[in-house]
Structure formats: structure tokens, C-alpha cells
Amino acid sequence: LRNDFYLNLFDWSSRNFLAVALHNNVYLWDATQGDIIFLMTLESEDDYVCSLSWTKDGSYLAVGTSDCKVQLWDVENQKRLRSMASHTARVGSLSWNDHILSSGSRSGHIHHHDVRVAEHHICTLAGHSQEVCGLQWSPDGRYLASGGNDNLLCVWPRVPEGSPGNRSQAIHKWSEHQGAIKALAWCPWQPNILASGGGTSDRHIRIWNVNSGSCVSSLDTQSQVSSLVFAPNYKELVSAHGYAHNNVVIWKYPSLTKVVELHDLNLLDWSSRNFLAVALQNNVYLWDATKRNIIFLMTLEREDDYVCSLSWTKDGSYLAVGTSDCKVQLWDVENQKRLRSMASHTARVGSLSWNDHILSSGSRSGHIHHHDVRVAEHHICTLAGHSQEVCGLQWSPDGRYLASGGNDNLLCVWPRVPEGSPGNRSQAIHKWSEHQGAIKVRCSRPETLRPLRISNYSSSVLMSMIYTQCFWSHTVYVNPETLFNVAAGLGLVSMAAQHPRIWRWYQRPSHPHLERQQRLLRQLTGHPVTGLVASVCTQLQGAGLCPRIRSQQRCHLEVPLPH
């Protein structure tokens with residue numbers, strides 16, 4: 001993903017396809033089937049995709065590029081229908097209105113394209129002095145809202161058919177925002193209501209009445225507003241934020257009172273049975289990805305408490321829930337029944353990981369507890385290796401090692417405690433302090449990985465893996481500091497929050513073809529990551545392990561096959 005706030009690199013279609021731009025490539029994720037499809041790549045390696053927008057019926061995808069063009073793609077046939085050139089700078093925003101495609105560029109101009117005709121460029125809107133980073137047609141097609149890096153929010157009328165170009169004037173120009181305006185959303189049930197969000201210098205959500213031209217309400221979110229969407233079922237407004245909070249908030253509309261805020265915790269987990277567990281404040285919901293149903297599972301008794309972590313058992317039958325009141329609950333999902341509530345911690349439980357019948361939990365106190373869920377005296381061992389909150393916890397696939405990441409910047413590896421051993425005796429076999437920021441841990445299960453071929457290196461087995469959970473949660477919340485396990489289990493790849501450019505590769509001692517000495521193999525530098533991020537992990541085969549950077553611009557790792 002290109003690290004650029006002003007670009008629009010995701011769009012979800014009405015047919016349940018997510019389009020994602022990665023540098024000069026576009027990929028489609030079929031959320032129904034779970035498949036990833038390569039759609040297109042730009043001819044020049046130096047060019048990159050700047051914006052994506054689906055037509056209303058989901059049949060066609062518009063692609064804005066850095067070489068000032070807009071491409072139109074027939075997705076079903078994976079065929080480019082046309083390339084439209086009219087801009088003089090990169091095209092960072094797109095929005096459809098029937099057969100009219102509107103595009104906004106870094107020059108500050110907005111172009112209307114009639115995609116049915118050869119002379120597609122029918123109108124130019126000149127209202128911004130800097131890049132147009134937000135563009136959205138109203139549901140009724142009467143108005144186009146545009147937000148710019150010049151801190152202006154403009155509303156334009158629809159150009160009548162057959163009108164001469166370059167004549168349209170903005171009916172409103174609002175300058176109340178003090179930062180770039182990328183986040184725009186029209187209210188589905190009140191077509192005259194527009195919501196806008198400002199960047200880091202502004203941080204406000206503002207609600208506008210287009211008919212009266214007035215600002216109805218304003219709210220300081222204390223964070224960069226990256227995107228907005230109205231939820232018609234509950235009459236709510238959802239906002240996604242970058243710096244400084246990097247969170248997602250649901251607001252009641254029109255009062256703009258906070259309904260829920262997603263905390264910086266482990267609030268998502270995908271089961272082997274294709275269920276996604278999601279924690280929203282003190283509630284847990286399940287999304288059945290096969291039947292596409294949402295199921296309410298549980299709520300905490302006290303409104304002030306909240307869910308901090310979720311973890312499925314390997315077979316997907318049971319779900320562990322860590323809470324802010326220092327407990328771990330165990331749920332039988334099929335029967336929607338709580339089996340037990342385990343109290344042993346003295347602070348919130350922000351991380352969980354299963355190893356057969358042993359459930360490990362990490363808390364804000366820095367302690368890790370092992371629970372044998374089969375017995376009444378469940379707390380069998382305490383691991384004391386962190387001085388601050390344990391925010392990442394993951395057992396290795398073979399069950400021999402537990403990796404823990406803390407807010408104290410330590411990455412620890414612990415051996416499995418033998419059955420019947422006395423508690424509180426286990427010592428970390430490794431403590432690494434190379435990271436300069438908090439470390440979260442996430443293991444990519446093979447059944448939840450979808451291969452995405454970044455490039456067709458014939459001598460390489462590298463694939464970038466898009467973690468299905470993270471793709472889904474891009475509409476909700478993704479942590480940039482997440483640490484991922486190598487898919488084949490040969491090593492451990494980690495990324496720290498404070499220094500997202502730094503990747504560290506650790507060799508596991510258990511693989512027979514590798515040296516048993518535990519050591520840092522290589523420190524890899526890629527492009528900086530801020531805000532939302534999809535997971536990346538390598539799939540290794542054979543005995544060789546020789547990672548190297550293929551392209552700094554594309555942040556590739558290449559792992560050649562041994563001869």
C-alpha cells in the first residue's frame with residue numbers, strides 16, 4: 001500500500017468484491033468465495049495507482065493513475081475498455097453518477113467523463129487550488145461534493161445533458177475546515193445532508209445542510225479523519241481515524257454522541273469454521289462468512305467494562321474472551337453458552353492464544369497466565385518476563401514455543417510447560433530487545449491465508465499473503481504494528497509500532513535444516529507504513545533461507561528456491 005493520505009486505494013462493490021491498489025497493481029478480493037484475483041498492472045514501473053471506484057452495479061471499475069489517466073475495466077472479463085486522458089496531474093479521487101465518471105486531480109481540477117462516448121471529457125470544475133482528495137456524488141445524483149488539500153469543501157450541481165463544458169459553478173464553498181478534506185459521506189435517508197472530515201490540522205467532523213448552506217453541527221474528534229460512512233440501519237455515522245488515535249468510532253446521528261470506540265486491542269479473530277469474531281465495546285458478534293449472517297454472542301454485565309481480546313480454539317468450537325475486568329470467559333459458540341469465567345489476573349486481559357487445552361492470557365500487569373480449561377483450578381502457571389502490558393501472544397504451530405510481545409519493547413519466547421510441572425517456574429528461553437516500540441503478535445493460520453502473487457518471479461517462491469481477517473477489518477480497524485508468523489513456521493517476522501520500517505527475521509531453532517543457534521538473521525527495511533495495513537508474510541519451501549529486498553519502492557522480499 002502506498003503511504004499517501006490523499007489517495008483512495010480501496011473500494012468495495014455492490015457484488016461483494018473489494019478492489020485494492022498495491023503500487024502499480026490492482027487486485028480484487030471476492031469476499032464471498034475468499035479468492036484473490038489479479039486484475040491489472042500499469043505498464044511503467046514508476047507509475048502507481050492513485051484511486052479506485054466501482055460503478056453502482058459492480059460490473060466496472062475505474063482506476064485513476066499517477067500518469068494523469070483514468071482507466072475503465074470490465075471486471076468480469078478482466079479487460080480494459082478504455083484509457084481516458086484529460087488531466088495534467090495524478091488522479092487521486094473518483095466518483096460515479098450513472099454513466100458520468102467524475103475524477104479529481106492534484107492540479108485541483110475535477111473532470112466529468114461521459115464513458116459512453118469517444119469525446120468523454122464533457123466538463124471541468126475549477127474550484128480548488130490544490131489536490132482534490134475527496135469526491136462523492138449524492139445518492140440522488142443531484143450534487144457532487146469535493147474536498148481538497150486547500151481545506152475547501154465544495155458542492156457542485158449536476159451538469160445538464162448537452163450543456164457546454166467548463167461552465168459549472170460551485171453552489172457552496174465552505175472554508176471552516178483547517179485541514180485537508182478527504183472524508184465525505186452523504187446521508188442516505190436525508191439526501192440534503194453531507195458529512196465531512198478534516199485532516200490532522202483540523203480533526204473535525206462537520207455536518208452540512210446543502211439546501212440551506214449551513215453547518216448543522218461540528219465535532220472535534222482529536223484525530224485525523226480518514227473516512228466517513230453513514231449506517232442507515234441504526235441511523236449512525238462511522239468515522240475512521242489516522243493520527244493520533246488510529247481508531248474507529250461509531251456516532252449516533254444527529255446528536256453525534258459516541259456509541260462505541262474500537263480500542264487498540266486484539267478485537268478480531270477468524271475461526272477455522274469461517275466465523276469472524278468481532279468485539280464492539282462490551283459486546284461480541286460473530287460473522288458467518290459462509291451464510292453472511294451476523295450473530296450476537298454475548299455482552300458484559302457492566303456497561304463500563306469492555307472486551308479486550310478474542311481467540312478461537314483450533315477447531316473453531318469455542319471462543320475465549322478477555323475483558324477489562326481482569327477475567328477470561330470461555331464460550332460454547334454453537335450453543336451460545338458461557339462455559340466458565342476464569343479470574344486470575346489483576347489487570348485487563350489484552351491478548352490470548354490457545355495450545356490444545358491450554359489457554360494463555362496476557363495482561364496489562366505484564367504477566368502471562370496459563371489456564372488448563374479442563375480443570376477447576378485452571379491457573380497452572382505464571383510467566384513474568386514483561387514489565388508492561390503484554391499486547392501480543394502467539395503459540396507456535398507445533399505447540400513448543402509461546403511468543404509474547406510487550407509494551408516494554410521486549411519480544412520473549414517461552415517453552416511449553418510440561419504437564420504436572422509446578423507453576424511460576426518457567427523462564428523465557430529468549431528475550432529480544434531490538435524493537436524500539438510495543439510489539440503485537442499475530443500468527444497467520446494457513447486456512448485464513450489467501451495467496452496474492454505480487455509478481456511472477458520464476459525463480460522465487462515468495463507470495464505476499466493477504467490475511468482475510470485484515471482485509472475484512474480494513475472497514476473497521478487494523479493495527480500497523482501487528483507481528484506475523486512466517487507461514488511455513490521457519491522463522492518469526494516482526495514489525496514494531498514506533499518504527500514500522502524495521503522488520504526483523506528470527507530463526508526458529510526447531511527446523512532440522514537450519515542452524516540451531518537462535519539469532520537475528522537479517523534486518524529488512526521497506527517503505528514506511530502508517531494507518532491501515534494489510535498483513536504480509538512469506539511462504540518458504542526447501543531448506544534455503546536467503547531473504548533480500550527486491551525493490552525498495554514495492555517493499556518485496558524474495559526467497560529463491562535452493563537448487
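**Strands, burial and contacts**

Author: In β15, Trp156 is the bridge partner of Leu144. The model is predicted, so local features need pLDDT of at least 70 and side-chain atom pairs count only at pLDDT 80 or more, while totals for chains, interfaces and linings use all residues. Residues are numbered from 1 along each chain as its sequence is written, and side-chain values use heavy atoms, with hydrogens and water left out.

Reader: What makes β14 and β15 a pair?

Author: Strands are DSSP runs (E, at least two residues), numbered from the N terminus, and two of them pair if DSSP finds at least two bridges between them. Strand β14 (residues 143–148) and β15 are joined by five bridges in the antiparallel sense, and therefore they meet the criterion of at least two. Four residues lie between the strands of this hairpin, where Asn151 takes a positive phi near 70°. On β16 (residues 172–174), β15 has a further antiparallel partner, joined by three bridges, with Cys154 opposite Lys173.

Reader: Why is β15 called mostly covered?

Author: Buried means under 20% relative accessible area, exposed over 50%, and partly exposed in between (1.4 Å probe, protein chains only). Four of the five residues of β15 (residues 153–157) are buried.

Reader: What makes β17 and β20 edge strands?

Author: The open sheet has four strands in the order β17-β18-β19-β20, with antiparallel pairing. Because β17 (181–186) and β20 (214–220) each have a single partner strand, one side of each is left without a neighbour in the sheet. The partner of β17 is β18 (residues 193–198), with five bridges in the antiparallel sense; Leu184 stands opposite Ser196 there.

Reader: How do you know that Asn209 is buried?

Author: Asn209, in strand β19 (residues 204–209), has 17% relative accessibility and therefore counts as buried. Its side chain also makes a polar contact of 3.3 Å with that of Asn192. Such a contact is a pair of N or O atoms within 3.5 Å; within protein, one must be able to donate a hydrogen and the other to accept it, and residues adjacent in sequence count only if both atoms are side-chain atoms.

Reader: Why is no salt bridge assigned to Glu236?

Author: A salt bridge requires a side-chain nitrogen of Lys or Arg within 4 Å of a carboxyl oxygen of Asp or Glu. Glu236, in strand β22 (residues 236–241), is buried, and its nearest side chain of opposite charge, Lys252, is 4.5 Å away.

Notes. Lys, Arg positive; Asp, Glu negative; His and termini not counted.
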